[in-house]
Amino acid sequence: MVRLTMDLIAKNAGHKNRSEEDFGQYVQKLTHLNLSDKNIDSIGDLSFCKNLRVLYLYDNQINQIQNLDFASNVTHLYLQNNRISSIENLSPLKKLEKLYLGGNYITVVEGLDKVGELRELHIESQHLPPGEKLLFDPVSLNSLAKSLSVLNISNNNIDELGQLAVLENLSYLKAVDNRLKHMKDLEGVLKKWTKLRRIDLTGNPICQKPKYKDRIIVQSLTLESLDGKEIQEMERRFLMNWKASRAARKKSNERKTDEQAANVEF
């Protein structure tokens, strides 16, 4: 296995034959580092990389998030397709905006309560134990409530979204291939997501419900795309008029029923 160290960076950057001073200057100026698919199993001391903004470590064998104290300027962290089982040690990443953790072994979304500027979280397709679903720690969700805009939770056996209602600035939810099946649960969170622009629920049982698409379009007036298809404004207006007409008929029928009941009693 391979440990991520300054020597590995030097080797991949072609600095083997340059002076130590020259390499030191190089790593201090480094803003992007791509060490994906290098069979890395652990993160070592990268303390000289203080100006690093984007770190690519996907498709490795990393089993723990660690030694990121240097990473106060990192905005994008790519750790998908590793062997990570816990979200931890991210508090030094004060400027982190995008976190990619898809394809790991995480069972609980936690450890994000100190990451105050996170805008995107990609945590799709975790290797979960049989019969289990991805869980969400309320403390982390509340910490992300005002910052998180994009969330990818696809293929994680998720059967309800109620906990995610606190994410008030969510603009895009990708929840493909889960176990969502209750329209009332979905309609409840759509009321809270007043900035939602895109949602993709393809591959969930809920997609087979009668008038599934119509009910979502009517419920979320900000939505521009559903399951990868653009929502036409004419379509929304038609459905809104239909809903209003149906509500008016229902109210009229209830009034007539009340009048008839009153006449009978008289």
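Two rings of Phe, Tyr or Trp (the six-membered ring in the case of Trp) are taken as a pair if their centres lie within 6.5 Å; planes under 30 degrees apart count as stacked, over 60 as edge-to-face, and the rest as tilted. The model before you is predicted, so local features need pLDDT of at least 70 and side-chain atom pairs count only at pLDDT 80 or more, while totals for chains, interfaces and linings use all residues. Residues are numbered from 1 along each chain as its sequence is written, and side-chain values use heavy atoms, with hydrogens and water left out.

Tyr56 belongs to strand 4 (residues 54-56) and Tyr78 to strand 5 (residues 76-78), so the pair ties together parts 22 residues apart in sequence. Strands here are DSSP runs of E with at least two residues, helices are runs of H or I with at least four, and both are numbered from the N terminus. Together, Tyr56, Tyr58, Tyr78 and Tyr100 make up one aromatic cluster.

Buried means under 20% relative accessible area, exposed means over 50%, and partly exposed is in between, with a 1.4 Å probe and protein chains only. Tyr56, at 23%, is partly exposed, and Tyr58, at 25%, is partly exposed as well.

Thr75 has a relative accessible area of 16% and is buried. Leaving aside neighbours within four places in sequence, its contacts (heavy atoms within 4.5 Å) include Arg53, Val54 and Lys95.

Finally, helix 4. Within this helix (residues 183-192), Met183, Leu186, Glu187, Val189 and Leu190 are buried. Why do they share a side of helix 4? They cover an arc of only 165° around the axis, which places them on the same side; the arc is that of the directions from the helix axis to the C-beta atoms. On the other side of helix 4, Lys184 and Lys191 are exposed. The buried residues of helix 4 pack against strand 12 (198-200) and helix 5 (212-219).
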